[in-house]
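Trainee: I would like to learn how to read aromatic pairs in a model. Could we work through one together?

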Amino acid sequence: MKKGILITVAIVMSVVLVFAITLLMISQDPIKKAEKETIAIAKESAGLVKATDFYWYNREKTYFSVAGLNESDEEIMVIVAKDGGGKTILNQDEFITEQQAKELTREEKGSIDILEARIGLEGDIPIWEVSYKQENGRLGYYVLTAKSGKWVSDIENI
């Protein structure tokens, strides 16, 4: 009797595990597809040779961005609009890095837990949006220009 229950539980757990893994893989498909397409666009339009990071920015408009190295081994950032496919290409001397954006946010906000940073466009201005968790546990977004690191806006206590 106990052996039959254990076998049944093992089978049910296996089915649940397979279902969970399948669901996870299906949910990741749009991200992987967007990343693959953005890298292809960056290779064609900006000479991207090696992709190092991929970002998905979504506010008023959605942008997909890829950071990496071009043929001259220089760091570049290519920002692609989801609608219309407009491209913005930034060379290494034209933008601050993700790490610099996080450091500037930490300097300004103090004791916070940085969650992630995404790059996109607000109008024609490349910006970094750094999400963070405040000491009170609430969410915040610190937005700064990608070219100079100057403050644009801050949304707190979400």
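Trainee: Are Tyr 55 and Trp 128 buried or exposed?

Mentor: Keep in mind that this is a predicted model. Both residues, Tyr 55 and Trp 128, are buried.

Trainee: How is a pair of aromatic rings described?

Mentor: In general, a pair of aromatic rings is described by the distance of the centres and the angle of the planes. In this structure, a search of the whole model finds four aromatic pairs. One of them joins Tyr 55 and Trp 128, whose rings lie 5.3 Å apart from centre to centre with 85° between the planes, an edge-to-face arrangement. This pair links distant parts of the chain, since Tyr 55 belongs to strand S1 (residues 48-58) and Trp 128 to strand S6 (residues 125-133), 73 residues apart.

Trainee: What arrangement do the rings of Trp 56 and Phe 64 have?

Mentor: Their centres are 4.8 Å apart and their planes stand at 85°, so this pair is edge-to-face. Trp 56 is partly exposed, with a relative accessible area of 32%, whereas Phe 64 counts as buried at 9% relative accessibility. Ring pairs also link Phe 54, Trp 56 and Phe 64 into a cluster.

Trainee: Which order do the elements of the chain follow from the N terminus on?

Mentor: The order is α-β-β-β-β-α-β-β-β-β, which comprises two helices and eight strands. The radius of gyration is 21 Å, well over the 15 Å that the globule rule gives for 158 residues, so the chain is more spread out than a compact globule. Of these 158 residues, 33% count as buried.

Terms used
Residues numbered from 1 in each chain as written. Predicted model: local features only at pLDDT ≥ 70, side-chain atom pairs only at ≥ 80, totals over all residues. Heavy atoms only, no water. Helix = DSSP H or I, 4+ residues; strand = E, 2+ residues; numbered from the N terminus. Rg over C-alpha atoms; globule rule 2.2 N^0.38 Å. Buried < 20%, exposed > 50% of the residue type's maximum accessible area, 1.4 Å probe, protein only. Phe/Tyr/Trp six-rings, centres within 6.5 Å; stacked < 30°, edge-to-face > 60°.
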